[in-house]
Amino acid sequence: MKILLSGNEAIAQGAIQAGCSFYAGYPITPQNEIIAYMAKHMPSSRTGVCRTGKGQSQGVFIQAESELAAINMVYGASAAGARAMTSSSSPGISLMQEGISYIAGSQLPAVIVNIMRGGPGLGNIAPAQSDYFQATRSGGHGDYHLIVLAPACVQEAYDLTQTGFDLADRYRVPVMILGDGILGQMMEPVQLSTKKIKVSLAKSWALDGCQGRKPNIIKSFFLREGALEDANLKLQKNYAIIQQKETRYEGLFLSDAKVILVAYGTMARIAKSAISQLRSAGKKIGLIRPISLWPFPQQPFSIKNSRVKYLVLEMSYGQMLEDVRLAVGGRREVEFLGRSGGGVPSEEQIINKVKKIL
Amino acid sequence: MEKIFKRCQSLYDVPTHYCPGCGHGIAHRLVAEVVDELDIREKTIGIAPVGCAVVAYDYWNFDCSEAAHGRALAVATAIKRVHPQNVVFTYQGDGDLAAIGTNETIHAANRGENLSVVFINNAVYGMTGGQLAPTTLLGQKTSTSIEGREKKAHGYPLKISEMLALLPGVCYIERVSLQSPPEVLKAKRAIKQAFENQINNLGFSLVEILSPCPTYWGLSPKESLDWIRDVMQKEFPLGRIK
């Protein structure tokens, strides 16, 4: 069945489809449709009680008193074994960074949605992609990573949210769904899925009372000499497996392209429109659209043609640009076009830039 | 000969890391005795704070979680909502509950979360080396109030228990002390009441425990107990607040 949803609603519906049994959030524009949708649609949200037994996915919805409380409620719910999610936008995500670090350090699964807006500071409520560094470079303290997934359309927002819950549980890591205000607000038809959850939801490490077993402890504090290093090495081993197995990207016209545009999320949609105009004028332009921003897909950048050039497009002043340069390793030219603070590079600007490069 | 005093099942047989004369060991034991007496060890989930008691789970023999500094009641709220059949409590110091975590404390109380809170008030930051706490008394010297707490510079000792008693979601608040064996027994009765309230779905319960910190009060263990009786209890009177 197809229904018309905004990106924000699709993320919320995807979470419910994935068996999200706990949501806590705090209002902030432009993601308010997520918290409203969860309040309305989470089963038994009015009772505020989650019944996890017998496969009943009834949920808990809490409007928290702050983003700090929201992310720490997600920590608690995840520690208790629930599939837990929160959502916010840039300034709220900044407030959550300490909690995200604790979630990563305690090896808890969680889904965190960031519908980015302009910054720094209070910024504005226009779409932006300027939280890329924060999302992909462990925005809180310590050596950790989130899996970061960047949908480019409403259907993908719905699908990747479900994927996010599975990845979070499979690897016991926090997963971020990184969108922007345009994706959150625009409406498109969404094919609802009937697929089942692919990973086991049995969590032998979770807190539910130590009946018939030794007590479980959820912690990220390791004071004994060497213990914290051991805990970090365990995380790094997990990250290495994720880097190997969980990169995702879309490639278009890579075999004949002379200039390859590199863009994610909303920016990639504008890039596709520019490409279709340029190709109908006979220009050989391709696209790499990273879907996982961490782990960043390196593989599509190993193009043999030594004259190929890359043009990175972002709604920021050059953040993913650094990952593209690392992937290209100085072997090819990398150009950049970016705007931020609510500015979005237009098709025309992209076409003009491509013509200069060609 | 009959054994009349033994280790609780809810406490591990391990050496303590607390300073001589510290109140945490007594308070940990009181919680463990209550958990044993109510026969809820296999249903209990404790939340350890950031502060001296961060490794409370090294002493308690039941499920536990850490929480970031001040966020214990946000973590506890979620755990209790996910597992309403379990008994969930937080154990927090004055800096954790009444400074950095004031917001979480007030809102969990105001939502009437069905939780039990063990609030250790020793009027000082212990783990970080004896700085001014929200509950530090006027005139009390700390490493960040060298001449003593002064109302114009540092404000007044925060009576968070009296503040929380105003909220309709709060079921029970009592202030107790570890100053003498009779007071310790009263403290245990209050903790038991707070746990029983949760088991009976009555809502938010908090026990504030005036607890000695000889190390950062610059007093001997005996002098610390006397100071609680002669000075601290005058600022923080004992008894049922709600």
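## One sheet across two chains

Author: Start at the sheet's end: B:Glu174 has B:Arg240, in strand 7 of chain B, as its bridge partner. This is a predicted model, in which local features need pLDDT of at least 70 and side-chain atom pairs pLDDT 80 or more, while totals for chains, interfaces and linings use all residues; side-chain values use heavy atoms, without hydrogens or water. Residues count from 1 along each chain as its sequence is written, and chains are lettered from A and ligands numbered from 1 in the order written.

Reader: Why are strand 5 and strand 7 of chain B said to pair?

Author: Pairing needs at least two DSSP bridges between two strands. Strand 5 (residues 170-177) and strand 7 of chain B have 2, in the antiparallel sense. Therefore they meet the rule. A strand here is a DSSP run of E with at least two residues; a helix is a run of H or I with at least four; both are numbered from the N terminus.

Reader: What makes strand 7 of chain B an edge strand?

Author: Strand 7 (239-240) pairs on one side only. The other edge is strand 9 of chain A. Between these ends the order is 9(A)-2(B)-1(B)-3(B)-4(B)-6(B)-5(B)-7(B), an open sheet of 8 strands with mixed pairing.

Reader: How do you know that strand 9 of chain A belongs with strand 2 of chain B?

Author: 2 bridges join strand 9 (residues 217-218) of chain A to strand 2 of chain B. The rule asks for at least two, so this is a pair. The two strands run parallel. Strands of a sheet pair through backbone hydrogen bonds, either parallel or antiparallel.

Reader: How many residues of each chain are in contact across the interface?

Author: 35 of chain B and 37 of chain A. Contact means heavy atoms within 4.5 Å. The buried area is about 2800 Å², with 60% from carbon and sulfur atoms. That is the accessible area (1.4 Å probe) that the two parts lose on being put together, summed over both. In chain B, B:Asp63, B:Arg81 and B:Val82 lose the most, together 22% of what that side buries.

Reader: Why is the link of A:Arg213 and B:Asp63 called a salt bridge?

Author: The rule wants a side-chain nitrogen of Lys or Arg within 4 Å of a carboxyl oxygen of Asp or Glu. For A:Arg213 and B:Asp63 the closest N and O atoms are 2.7 Å apart, so the pair qualifies. Over all chains the count comes to 29.

Reader: Which elements of chain B supply the side that touches chain A?

Author: Strand 1 (44-48), strand 2 (63-66), helix 2 (72-82) and helix 4 (102-110) each supply at least two residues. Helix 2 gives the largest share, 7 residues. By class, this side has 17 nonpolar, 9 polar and 9 charged residues. Nonpolar covers Ala, Val, Leu, Ile, Met, Phe, Trp, Tyr, Cys and Pro; charged covers Asp, Glu, Lys and Arg; the others, Gly among them, are polar.

Reader: What makes the B:His69 and B:Asp96 pair a polar contact?

Author: A polar contact is a pair of N or O atoms within 3.5 Å; within protein, one must be able to donate a hydrogen and the other to accept it, and residues adjacent in sequence count only through side-chain atoms on both sides. The side chains of B:His69 and B:Asp96 make theirs at 3.0 Å, so the distance passes. B:His69 sits in the loop between strand 2 and helix 2 of chain B. Among the residues B:His69 touches are A:Tyr102 and B:Tyr125.

Reader: At what angle do helix 2 and helix 4 of chain B pack?

Author: About 35°, with axes 8 Å apart. Axes are lines fitted to C-alpha atoms, for helices over the stretch in contact, and angles run from 0 to 180 degrees between N-to-C directions. Helix 2 contributes B:Leu73, B:Ala74 and B:Thr77; helix 4 contributes B:Glu104, B:Thr105 and B:Ala108.

Reader: What makes B:Glu33 and B:Arg29 a salt bridge within one helix?

Author: N to O is 2.6 Å, so the pair passes the salt-bridge rule. Both residues lie in helix 1 of chain B, 4 residues apart, about one turn. Helix 1 (residues 24-37) lies across strand 1, strand 3 (87-93) and strand 4 (116-121) of chain B, at about 170° to strand 3.

Technical notes
Lists of a residue's contacts leave out its neighbours within four places in sequence.
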